[in-house]
Amino acid sequence: MISEFPWLTAIIAFPLIAALAIPVLPDPDGKNVRLYALGVGILELGLIIYTFATHYDINDSSLQLVERYIWVPQLGLNWSVGVDGLSMPLVVLTGFVTTLATFAGWNTTIKPRLFFSLMLVMYSAQIAVFLAQDLLMFFMLWELELVPVYLLISIWGGAQRFYAATKFILYTALASIFILVAALALAFYGDTVTFDFTALGLKEYPIELELLAYTGFLIAFGVKLPIFPFHTWLPDAHGEAPAPGSMILAGVLLKMGGYALIRLNAEMLPHAHVYFAPVLAVLGVVNIIYGALAAFSQDNLKRRLAYSSISHMGFVLIGISSFTALGINGAMLQMISHGLIAAVLFFLSGVIYERTHTLSMDKMGGIAKSMPTTYALFTVASMASLALPGMSGFAGELTIFLGLTTSDVYSDGFKTTIVFLSAVGLLITPIYLLSMLRRVFFGKQLESSDKPWLDAKPRELAIAMCSIVPIIGIGLYPKIVTQTYDTTTVAVAAHLREAMPTIATADNSSLYARTAWTQTAISAPAIPSKLVSIIDRTKY
């Protein structure tokens, strides 16, 4: 009975069901609701860890713990969930960051019942996106998780919260239409109508349809990642969102874009990915350099960190475009690393804002003396963000560079150009991060401050350390994380390499190495055919 228990459905449903009790929960002193929400978050994280520790095999690249139930047969909509190496670590990251964000909202006094209800609803929706195996279900969940974020910004945000929330929902909701259009096109092609990921992957599409569907997905997921020029909503959203909202935005929501690019664009449409991979690499470089340069011009602390996130997501694009297991492995590691680093940076920004009541770096200078603990925590997180060796940021970015440079798919000239320009972004990153530290903590003392600022409290120290410890742990021993998805990234890279010879052309030598078109397999492990690979991923 335990082996047949619907573990994934339980993981998704628990926070949602728990949120329904908050409106009727007795709360005379305003403490019960936050204790209840935090308890639910911790229990949910415990359930996630227990499920994957006891019922998930990290050495199996196939889809595991699969659950399929007929939901709305008239629409062909099924409740279909499953987990593999791409989704499992991101589900754990979601549970971890969202639980910390719930704890970060401890002092919320404006509509606390609504606030913590939204946090739990968002908890369920985010996890469901990573576990969904039905494209129509995926689209519905993708839309559902937008609503709590919109409300968090518009109700608990800053002075320009309505503008930022409206811009966020317009960008993300309108872009999501491309998911629906592409999903319908793929589902109705051929003799059968299906939205199941596995069945869609088995279909043989004309290259024109693959390219159109890939473009639609790229626009939708590019807005969420975000990719230049679809990024402009992110600095506004971060600049106005409360600290818990920013933690979830940077720690989880951006990762949905990277995950979807691997899951749908690369896995489901491998032939189109061969055409688009160089474009992704170029867009990655643009993100890296543009985000780093734009961060220089920001006086608002959270907007600077937002542009830093845009820059760091560029490395994810390069990893996805590499055609190597090492590169895709690095993209996954970069997403997990950035989720932890960005969450703690935005949380500490919220701590500073609570004391100074400003996000202008020129108005909060000189606080290191009165807030030494906050300064130390912020400095460690910033060092991780600029990829200091020994921290997770360095491990992720180095793996991506190795994945690209060791790829035999691209020509030497193309690889050299991408690596060189990316390295320019790496040189700029320490400059704007160290400049941020100097202006925030060692700038001119605030004229309005006639007494020392209160340093980080035990609760705030605990939240920050919960992120910093795994950041350092992953940096010193990346295998803690990479072993959870190694077999899956190898299978994905093999699947992409199989698609290459079928679209070989004579005019691509400037981007691709000529030898790549004559190789149908990568060096070890053995690579199954497309059909065998996809069928193997459905074992349960």
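The peptide bond from Phe 228 to Pro 229 is cis, with omega near 10°. Pro 226 belongs to the loop between α9 (207-224) and α10 (233-240) as well, and a cis peptide bond with omega of about -5° links Leu 225 to Pro 226. Helices here are DSSP runs of H or I with at least four residues, strands are runs of E with at least two, and numbering goes from the N terminus.

Please keep in mind that this is a predicted model, where local features need pLDDT of at least 70, side-chain atom pairs count only at pLDDT 80 or more, and totals for chains, interfaces and linings use all residues. Residues are numbered from 1 along each chain as its sequence is written, and side-chain values use heavy atoms, leaving out hydrogens and water.

**The hairpin**

Strand β1 (residues 64-72) runs antiparallel to β2, and six bridges join them; strands count as paired if DSSP finds at least two bridges between them. One such link pairs Arg 68 with Ser 80 in β2. Four residues lie between the strands, and Gly 76 in this hairpin takes a positive phi near 70°. Of the seven residues in β2 (residues 77-83), six are buried. Buried means under 20% relative accessible area, exposed over 50%, and partly exposed in between, using a 1.4 Å probe and protein chains only.

**Two residues with positive phi**

Leu 65 and His 357 are not glycines, yet each has a positive phi. Leu 65 is found in strand β1, while His 357 lies in the loop between α14 and α15.

| Residue | Phi | Relative accessibility |
|---|---|---|
| Leu 65 | about 55° | 18%, buried |
| His 357 | about 60° | 61%, exposed |

**Helices**

Helix α18 (residues 458-476) has 19 residues and reaches 26 Å from its first C-alpha to its last, close to the 27 Å expected at 1.5 Å a residue; that expected span is 1.5 Å times one less than the number of residues. Its buried residues include Arg 459, Glu 460 and Ile 463. The buried residues of α18 pack against α3 (88-104), α14 (325-356), α15 (372-385), α16 (392-405) and α19 (479-482).

Phe 276 is in helix α12 (residues 270-296) and counts as buried because its relative accessibility is 15%. Leaving aside neighbours within four places in sequence, Phe 276 is in contact with Leu 211, Tyr 214, Thr 215 and Leu 218, where contact means heavy atoms within 4.5 Å.
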